[in-house]
Amino acid sequence: MNSRFRRSAAFILAICLAFCSCSAVTETADRLTEAIGLLTGKADKPDWLVEAEQFDDYAVPIEFYGNYAGDNCLLGKSGVLYERLTDEQKTAYDAMQTAAQTLNPTAFSVGKCTDTDVAIAFNALLCDMPELFWLGSSYGMVRYGGNTYVRFVDDSYGYTCADSVERAEMAQSLTAAVNEFFAQTDISGRSDYECLLEIYNWICKNIVYDSAAADSVGDDSQSEYVHSWSVYGALCNGTAVCSGYSEAFQYMCRLVGVECISVLGDAVDIDGKSEAHQWNAAKIDGKWYYFDPTWDCCDSGALKVSHIYFGMGYDQLLSDHTPYGGPDQLTEDNISFGNFNLFVPTDRADVDYFEQYGIVIKSADEVSTFVNNEALMSGQPVEIKADLGKQLTDSDVKQLVDRFVGMFMSRNSKRTYPTGYRMNFSKIEYGYIGKNVFYMKLYN
């Protein structure tokens, strides 16, 4: 459940002029000397600035085209968070986007931005464009001649993939992965809600949670799992932690023309444990809904995907998810924490997934109506929300299932079942998922 922390660690002049590896002590000392010289006006124009001014955008940005890229595709357009930036922050965002797309190895100007502006713009870029998966989580920054310069580096932060050929191949793999989904799934004529449900189900069924990556946070092995924190790991390798799930959902939503963002915060699991987490908000018919594909992946039993966290309103989200606050927590003296959200929608959902598809019971007797549920009778696992005015327990679920079985047997003894429906079963699988939702599956 650990999230991909958006730590915009801007190593400022007074620290080490972080255009070098902090492990290179001698070089760092040289940079400090250079920084002091720049600040006091006693140094010539440094080599990195000469390189920046001479840099030629020879590397063509990767374009993510494919069979899906129709009129509704939002890739390449301004992101949701970009539109919420100031003009100065947009200038920095644009410059960093160009540098990331071209793998610019030198320093580049982001205009006359403050440290906080750069931090906000960098986090907005990371959250708006998960397809820039080769961009790491930090940057170096310095001021010169009234302008602010930024540099991404090929290190434990900066670029995670600084080889243009390899990056192009990885981008092509990402395109192939989503093309495979669209080749298998016909979304023509579907509503946005139905499209997102197809994407959600596919992600939950085809991506495995990478526990090893989550457990590696803070130790030397974390770099081995770098892709599990990104859309690339989720869609190309089939393994991810919560940020990979979230970015995969966001990326595919934008491919079908639906605005979607990733949201950072803390979440409390079924055992009462709170951890850093990442999930999504998407805009459907003018209203924002929340989604958490990581938590709706089921790894045991017949049910592989639940929908407790599909299409929640803000009020429903807050029962166990707490978004981080806004960038107002940043100051010029403390900009190293990227755990904030530029936008947290607060819309209430009209209906949740279970109400949308009529799989809610308001009394115990209503479970008997599922003897006529086509999906259940055909052998598919079916989720049911029991809105009984109390917290459901495992014992309550067993009683509901027993009531269903009794009604099923009674119906069959009277032979009043609809033609073509199941007449018997050898086993019934059931389980409590959480939040008053349980599932049943019938076996021959």
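How do the residues of the lining of the largest cavity divide into nonpolar, polar and charged? The legends below take up this point first; the model shown is predicted.

**Figure 1. Lining of the largest cavity in the predicted model.** The residues of this lining divide into eight nonpolar, four polar and no charged. The lining comprises 12 residues, and Leu81, Cys127, Phe340, Asn341 and Leu342 are those that lie nearest the centre of the cavity. Helix H4 (115-128) and strand E7 (260-268) each contribute at least two residues to the lining. The volume of the largest cavity is about 80 Å³, and the count of cavities of 30 Å³ or more comes to one.

**Figure 2. Lining of the largest pocket.** The largest pocket holds about 1200 Å³ of space. Its lining is formed by 36 residues, with Ile270, Thr294, Trp295, Cys297 and Asp299 nearest the centre. At least two lining residues come from each of helix H6 (192-206), strand E5 (208-209), helix H7 (211-215) and strand E14 (427-434). Strand E14 gives the most to this lining, supplying four residues. Sorted by class, the lining of the pocket contains 18 nonpolar, eight polar and 10 charged residues.

Figure 3. Buried residues of H3 include Gln89, Lys90, Ala92, Tyr93, Ala95 and Met96. Towards the end of the helix, Gln97, Ala99, Ala100, Gln101 and Thr102 are also buried. Among the elements that cover the buried residues of H3 are strand E2 (108-109), H4 and helix H5 (164-184). Helix H4, part of this cover, also supplies at least two residues to the lining of the largest cavity. Just after H3, Leu103 adopts a positive phi of about 55°.

Figure 4. The chain has 444 residues, of which 54% are buried. Among contacts in the chain with a separation of 6 or more, 67% are between residues 24 or more positions apart. The accessible surface of the chain comes to about 19800 Å², and carbon and sulfur atoms account for 47% of this area.

Technical notes: Residues numbered from 1 in each chain as written. Predicted model: local features only at pLDDT ≥ 70, side-chain atom pairs only at ≥ 80, totals over all residues. Heavy atoms only, no water. 1 Å grid on protein atoms, 1.4 Å probe; cavity = no way out; pocket = protein on both sides within 12 Å on 5 of 7 lines; lining within 4 Å. Points joined across faces, edges and corners; volume = space filled by probe spheres on them. Nonpolar A, V, L, I, M, F, W, Y, C, P; charged D, E, K, R; others polar. Buried < 20%, exposed > 50% of the residue type's maximum accessible area, 1.4 Å probe, protein only. Contact = heavy atoms within 4.5 Å. Areas by Shrake-Rupley, 256 points an atom, 1.4 Å probe, with all protein chains shown as cover.
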